Every structure is written in C-alpha cells, then in structure tokens.
Amino acid sequence: MKKLILLVCYTSAMHPVIAQDQNLLVPAIVKNRIIKIDFFSPLTGNTTLGYEQVLANSITLTGDIGIIGASLAPMSSHAKGIFVEAGTKFYFSPDYLIDGMKRFNDFQGTYFSPQIIYSGFGFDYNTVSYKTDRGVNNSFALMLEFGKQWILVKTLALDFHAGIGYGWSQIYAPDYSGGINYDLNFLVPYKFSHVQVSNDYPLAINAGFKVGILLK
C-alpha cells in the first residue's frame, strides 16, 4: 500500500514536467504575413490597405493600395482614383527577446524601405471662366522610407514611417490658365500617397501610421 501511494505521488509530480516537454516539441505557429490599414487615411481623403510578407531573414516585401475618395472627411476637389505602392523593407535594427540570443519577430524593428509609387485620380478645379471642370493627375515617386514596427502579443503590428524622395506629375487641366504646359501641381500638391508641390523641384515626402494583423 505504501509503495502504491509513493507511485501515485511520483506520477503526479512528473506529469507537469512531461507535459512541458511535450509542449516544447510542438512547433510554434509561424506568422509570415501582415494585413494592414493606414489608420488615419480615411481622414485624409482615401482608405489605404497594405500587405507585408517575409522574403528572408530581415527582408520583407510590401505593397499598398489606396482608394482615393473613400474618405470619412469631405473633399472640395471630389478626387476619385487609386494609388499603389510597392517596395522592400530591410530591418537593420531588429529587437531581441534576449539580446544576442533570439529575435522576437521577423517583422519587428527599425527598417529602411525603398518604395515606388503611382497615384492617379480625377479632381474638380475652377477654370479661368470661373466654372468647375474635371482635371486628371498622374504622379510617380521614388521614395526612401525609414520607420519602426512593433509586434504586440505576436498578433498586432504598429508601423510608423516617413520618407523622402523624387516625384513627378502630369496634370491635365486644359481650361486652366496655362493648360498642361504650366506646372499645375499647386492645384493638387497632395497626391494622397505623398506630397509633391513642383516638377521643377521634384521633392516628394510622405509619412504614416499603420495598424496590422499577423497571419499564417
């Protein structure tokens, strides 16, 4: 009887250890994709959705699509269109769970990201005869972005970023003074994906804050 009681006590004590060892053998769920939304974009004249996927250690592929006109705020220009962004992120300052031992997440850390952007949309403008007409903007930009992304509870992504680069736009507004031969960027300096005020000095800038969900 005494031996039976000792055996029961030993089995009960070893059960948590065995269960822990079994849990260690179960592979962790790898989440290598993120679906994102630019959190404040509906207040700036568009709704922007993004995607990020791991390519290799410290390198990810990114893409964004913005629906111009899908906005919570009214726009006097009634802009309607789309923009797309594509690029690669290079994480050069990753965060670690234990410094030098284990990386917390492939998506977490400071990064550098070259981006190519196209933005195309129609907009309202006032002609020289004080009538409202419809113009068209087509913009391209090459951006160099820097940012940092945090991963919370291995599920939620928070991404702050800002960039600077070159931009160029073709704006068609024929009834405006000067027509297409005049630099009309002042009519629509905000391209919804970035800001560009002139083709003569083709500086482009952007910034944003995105929230995302990690997926398998």
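The second largest pocket of this predicted model has a volume of about 280 Å³, a volume being the space filled by probe spheres set on grid points joined across faces, edges and corners. A pocket is here an open set of points, on a 1 Å grid over the protein atoms alone, where a 1.4 Å probe fits and protein lies on both sides within 12 Å along at least five of seven lines; lining residues have an atom within 4 Å of a point. The structure is a predicted model, in which local features need pLDDT of at least 70, side-chain atom pairs count only at pLDDT 80 or more, and totals for chains, interfaces and linings use all residues. Residues are numbered from 1 along each chain as its sequence is written, and side-chain values use heavy atoms, with hydrogens and water left out.

The second largest pocket is lined by 18 residues, and Asp38, Tyr190, Phe192, Ala207 and Gly208 lie nearest its centre. By class, this lining has six nonpolar, nine polar and three charged residues; Ala, Val, Leu, Ile, Met, Phe, Trp, Tyr, Cys and Pro count as nonpolar, Asp, Glu, Lys and Arg as charged, and the others, Gly among them, as polar. Strands β2, β4 (80-94) and β11 each supply at least two residues of the lining, and β11 gives the most, with five residues.

The strands belong to a chain that has one helix and 11 strands, where helices (H or I, at least four residues) and strands (E, at least two) are DSSP runs numbered from the N terminus. Along the sequence, the pattern is α-β-β-β-β-β-β-β-β-β-β-β.

Strands pair if DSSP finds at least two bridges between them. β1 runs antiparallel to β2 (residues 46-56), with five bridges joining them; arginine 33 has glutamine 53 as its bridge partner in β2, and lysine 36 stands opposite glycine 50. β1 also pairs with β11 (residues 203-215) in the antiparallel sense, over six bridges, and there isoleucine 34 stands opposite leucine 214.

From β2 the pairing continues to β3 (residues 59-68), antiparallel and joined by 10 bridges, with tyrosine 51 opposite glycine 63. Two residues lie between the strands of this hairpin, where serine 58 takes a positive phi near 70°.
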